[in-house]
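Please keep the structure open while reading.

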Amino acid sequence: MMAQYLEIKGAHPDHLLFYRMGDFYELFFEDARQASEALDIALTKRGLHQGQEIPMCGVPVASAEGYLQRLIRKGFRVAVCEQVEDPAEARKRGAKAVVRREVIRLVTPGTLSEDALLDACAANYLAALAQAEGALALAWAEMSTGEFAVMGVSEASLPAALARLEPGELLVPEPLLEAPALFELFAEWKEALTPQPRSLFDSMAAGRSLAAFYGIASLDGLGSFSRAELAAAGAVLGYLKLTQKGQLPRLARLRSTETGAAMAIDAATRRNLELTATLDGGAAGSLLSVIDRTVTGAGARLLRVRLTAPLTEPAAIVERLESVGFLVEVEGARSALRERLRRCPDVERSLSRLSLERGGPRDLAAVRDALGQIPAIRDALGTEAAGGLRPPPPALAADLKALGHHQSLVDRLTSALVESPPPSIRDGGVIARGYDEALDEVVELRDHSRRLIGELEARYRSETGVNALKVRHNNVLGYYVEVPPQRADALTEAFIHRQTLASAMRYTTVELGELEARITGAADKALALEQAHFDDLRADVVSRGEDIARAAGALAALDVAQGLAQLAVERRYTRPTVDDTTAFEIKGGRHPVVEAMGAGGDTPFVPNDCDLGEDARIWLVTGPNMAGKSTFLRQNALIAVLAQMGSFVPATSARIGVVDRLFSRVGAADDLARGRSTFMVEMVETAAILNQAGDRALVILDEIGRGTATYDGLSIAWAAIEHLHDSNLCRALFATHYHELTALAQKLDRLACHTMRIKEWQGSVVFLHEVAPGAADRSYGIHVARLAGLPEAVLARAEAVLAVLEQGEKATAAARLANDLPLFQARPAPAPAEPAPDPLRTRLAAINPDDLTPRDALELIYALRAGLDGDESPD
C-alpha cells in the first residue's frame with residue numbers, strides 16, 4: 001500500500017494527497033505534518049519507511065468538504081485519491097493485493113464546485129492570461145455556473161480587468177512571468193498565480209480543443225477570436241481537463257467581451273470606494289451590502305457582477321432601468337415575484353455538479369423546485385397581475401421568455417423523488433414510493449425484514465429470560481445478539497459466540513444469519529435500483545443543460561431587477577438619465593452607504609448638488625476637516641456606478657453622460673511589503689490617473705500632496721489640476737486643504753470653487769455638510785482635534801503656534817517660535833541676525849513678469865500672503 005501511495009504522490013508533488021482508506025482520507029509524511037498544523041488535527045505515526053516512523057493524519061470522508069475548504073483558503077492544493085476497485089475484487093488477485101486507487105480530481109482555488117467550498121454570493125473565476133503575436137488576452141471560466149468568456153487586453157487595461165474579476169486562480173505561462181512590465185501586477189496577484197508550461201497556451205492546439213469540446217468543425221460559428229484569445233481560452237479548458245481528470249463541467253458557449261463594454265475601475269479605486277468590501281476587508285458597510293435585496297444565490301452573484309462592471313452603452317443601461325422601473329411601479333407583481341424567487345434553490349450550481357457527476361439527490365431536487373416556480377413567476381409578471389397597466393418592458397419580457405417551459409421534466413422529478421431527499425444516493429430513500437413497483441417490492445421486503453429483527457429480539461428475550469438482550473448491527477459483525485457478561489450463561493447452544501468485550505458478550509444464531517442475508521440482499525438490491533434511477537434522472541437533466549442554464553440565468557436577472565426595485569422603493573431612489581453626452585448633473589445626491597448606516601438616527605443625511613457641466617468640469621472643494629468633503633466626492637462616484645449598472649440612484653434627479661473610466665484617490669495607506677510609503681502609494685495612484693484619464697473619465701482626488709512637505713505637496717496639487725484641466729479634459733472633483741489653489745479659478749475657465757459650509761457659534765464650529773460656491777480660508781483642524789479629545793494643554797499650545805505661523809513669513813516662523821513661545825526651554829535663543837535686504841523686493845525688482853514660472857509664482861504667492869515687514873502699501 002505504501003508503495004502505491006508513494007507512486008501516486010510522486011505524480012502530484014505540489015498537492016496534498018487525500019489517500020482514501022475506508023471511511024477516511026489519510027495523509028502521510030510531509031503532507032501529514034502540513035495538514036495537521038493547518039487543520040489543527042492530531043498527528044500520529046504508522047509503520048516504518050526506511051527505518052523511520054511514518055507521520056500520518058486523516059479526515060473523515062463524510063466531512064471532508066469542510067477540511068478541504070480550510071486547506072484551500074490557506075493556499076494548499078489537494079489531490080483526491082479514491083478507491084476505484086471493490087476490496088473483494090482485490091482479494092481475488094491474492095491475499096496481499098492492494099485495492100486499486102486513482103486520483104480522480106485536483107482541488108485548486110479556481111476549480112471548486114461544492115457549496116461548502118464556495119461563497120454563495122460571489123463568483124469563483126479560473127482565469128488565464130496569454131500572449132500571442134505581441135497581444136495579450138484574458139479568459140475566464142466559472143466552473144460552478146458554466147460562464148466562459150475571453151477578452152483582449154493591454155498592459156494598461158489588464159489591472160482593471162483583473163480587479164473586476166478577482167479570480168481565485170490565475171494561470172500564466174512561465175515565460176510571461178519574466179515580462180518586466182508585468183512585475184508589479186503579478187506581485188499584487190501573487191497568491192492567485194499558477195504558473196503553467198508554455199505548451200498549455202498553444203493557440204493552434206487551443207482552437208482544435210475548443211472545437212472538439214463544443215462538437216463543431218470550426219470555431220467560426222462562435223465568433224472571431226485572436227490568437228491570444230484562443231490561447232487564453234484554450235489554457236482554461238486544458239487546465240480544467242487536467243484538474244478534473246477528463247470529467248469536464250458544462251461550459252456555456254465561449255463569448256468575446258469588448259474591452260470598453262464596461263466601466264474601467266482599477267483596484268485602487270475599487271478599494272477606495274469600498275464597492276464590494278470595506279477597507280478592513282469586511283463585507284458589511286460596503287456598497288454591495290447596502291444595495292443587495294436579492295433573495296437567491298444566483299441573483300446575489302449577478303448583482304455583484306453588475307456592480308463591479310457597470311455598462312458603458314446607454315441603450316443597454318436604459319433597458320435595465322426600464323425593468324427596474326416597471327417593478328417599482330407594480331408593487332403587487334414585485335411582491336409576488338420576490339415570494340416565488342425565495343423558493344428557488346441555486347439551480348446554476350446544482351446543474352454544474354450534476355454535469356461533473358458530483359451532484360447528489362438534493363441537486364436534482366433543486367432543479368425540480370426551481371423550475372417548478374417558473375409558471376407562477378410568469379403569471380406574477382403578466383399584464384393582468386401587474387394591474388393591467390402595461391406589459392413588461394423588453395428586457396423583462398426577454399427574461400420571461402428565457403425561462404422556457406420545463407413542465408415535463410418537473411413532473412418526472414416530482415414523481416421520482418421524495419420531497420426532501422438525503423444528501424447522498426448511498427443513504428437510500430431517494431426514490432418516491434409508486435415510481436417503480438419493483439423497487440417498492442424490494443423496499444417492502446427490506447423494511448419487513450427489519451421489523452422481523454425487532455420481533456426476533458423480543459422472542460429471544462422471552463426464551464432466555466434476559467431482558468437486557470439486544471439485537472444490534474455494525475459494519476464488522478453485521479447483526480448480532482448482545483447480552484451483559486453476567487447473563488451469558490442464560491443463553492442456549494443455539495447462540496454461537498462471536499466476540500467478547502469487557503461490557504458485553506456477542507453472539508449470532510442461524511436464524512439471525514438467514515434473516516441478515518435477506519435484509520442485506522434486499523437493501524443492496526434497493527440501493528442498486530435507486531442508483532440506476534438516479535443516474536437516469538441525472539442524465540435527463542444534463543441533456544437539457546442548455547435550456548436549464550438559460551432559465552437559471554433568467555431567474556438571476558429577475559432577482560436582480562426586483563431587488564433593485566425593492567431598494568429604490570425602500571430608500572427613495574430615483575431613475576437616472578444616462579446618455580452619450582459628457583454631462584454630470586446630480587440634484588440632491590446622497591451617499592448610499594452613509595445614508596443607510598445612519599437610517600433611523602436623529603440627524604438626516606444632508607443631500608448636495610453636483611453639476612460638472614462644460615463650464616465647470618472640475619470642482620475644487622475646500623473646507624474644514626470633518627465637514628464632509630470625502631463623503632461628497634465618494635457619493636458622486638458611487639451614483640455614477642449605480643446608474644451605469646442599471647440601478648436607480650440616491651438623488652432627487654440625475655443626468656450622467658457615460659463614464660468610461662472611474663478613478664479615485666482617496667484616503668491614505670502605505671504598502672510596506674512593496675517598500676512604498678504612504679506618499680509613494682498616493683503618487684503611484686495619482687500617476688495612473690493623470691496618465692490614463694480621458695475626456696469621458698470621472699476622477700475624484702482627495703487631498704493630493706498632503707503626505708510631503710507643504711511646498712512640494714502644493715506644487716504637485718497645482719500641477720495636477722492644470723493637467724486634468726488642459727490635458728485630460730475629464731470631469732473631476734478635487735478636495736484640498738491648500739487654499740492657495742483657489743487662485744487657479746482665475747486662470748482655468750473650466751474650474752469652479754466650492755466649499756463645505758460651516759457655522760461658527762459661541763467659539764464652536766457647526767458642520768452643516770452643505771456644498772456651496774466659494775472657497776474656505778481656514779481648515780479648523782484644531783477644532784477637530786478638540787472633538788477627538790486631545791489634551792487641553794496640547795490644544796492651547798497648538799493655537800499659539802498657529803497664531804505665530806499665520807502672522808509671520810514661514811521661513812522665519814521656527815526661529816520666532818523658539819524666541820517668543822517658551823516650548824524649547826533647553827535650546828538657547830539664537831543671536832540677533834544682521835539686517836538684510838528685503839529678498840521679496842529684490843526679486844520683484846529683478847524679474848520680468850512675462851518670464852514668471854509657475855514655481856516662481858507659487859513662492860511669490862506665499863511671500864505676499866505672509867506680508868511685507870513694515871510695509872502696508874497696497875502695491
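**Nonpolar cores**

The model is a predicted one. Its largest nonpolar core has 104 residues. Leu-327, Val-367, Val-541 and Trp-619 are the residues with the most contacts inside this core. Helix 21 supplies the largest share of the core, twelve residues. Val-367 touches Val-347, Leu-354, Leu-409, Leu-413, Val-541 and Ile-548, with residues up to four places away in sequence not counted. Another core, of 32 residues, lies apart from the largest one; among its members are Ala-137, Ala-232, Ala-233 and Tyr-239. In soluble globular proteins, nonpolar side chains tend to be buried together.

Ala-568 is found in helix 21. It counts as buried because its relative accessible area is 4%, under the 20% cut-off. Not counting residues up to four places away in sequence, Ala-568 touches Val-328, Tyr-573 and Phe-648. Ala-568 and Ile-291 are 277 residues apart in sequence, yet their C-alpha atoms are 9.2 Å apart in space.

**Cavity and pocket**

The structure holds one cavity of 30 Å³ or more. Its lining is made up of Thr-296, Ala-298, Leu-341, Cys-344, Pro-345, Asp-346, Val-347, Glu-348, Ala-552, Leu-555 and Ala-556. Two or more lining residues come from each of helix 14 (347–355) and helix 21 (545–571).

The table sets out the values for the two spaces.

| Space | Volume | Lining by class | Element giving the most |
|---|---|---|---|
| Largest cavity | About 70 Å³ | eight nonpolar, one polar, two charged | helix 21, three residues |
| Second largest pocket | About 1600 Å³ | 13 nonpolar, seven polar, 16 charged | helix 20, four residues |

**Helix 2 and its cover**

Which residues of helix 2 are buried? In this helix, residues 29–39, they are Asp-31, Ala-32, Ala-35, Ser-36, Ala-38 and Leu-39. They lie on the same side of helix 2 because they cover an arc of only 165° around the axis. An α-helix has 3.6 residues a turn, so residues three or four places apart point the same way. The cover over the buried residues of helix 2 includes helix 1 (2–11), strand 1 (16–21), strand 2 (24–28), strand 4 (52–60) and helix 3 (64–73). Just after helix 2, Asp-40 takes a positive phi of about 60°.

Helix 1, part of that cover, is also the place of Gln-4. Is Gln-4 buried or exposed? Gln-4 counts as buried because its relative accessibility is 16%, and the cut-off is under 20%. Leaving aside neighbours within four places in sequence, Gln-4 is in contact with Tyr-19, Val-98, Val-99, Arg-100 and Arg-101.

How values were computed: Residues numbered from 1 in each chain as written. Predicted model: local features only at pLDDT ≥ 70, side-chain atom pairs only at ≥ 80, totals over all residues. Heavy atoms only, no water. 1 Å grid on protein atoms, 1.4 Å probe; cavity = no way out; pocket = protein on both sides within 12 Å on 5 of 7 lines; lining within 4 Å. Points joined across faces, edges and corners; volume = space filled by probe spheres on them. Nonpolar A, V, L, I, M, F, W, Y, C, P; charged D, E, K, R; others polar. Core = buried A, V, L, I, M, F, W, Y, C linked by side-chain atoms within 4.5 Å. Buried < 20%, exposed > 50% of the residue type's maximum accessible area, 1.4 Å probe, protein only. Contact = heavy atoms within 4.5 Å. Arc of directions from axis to C-beta.
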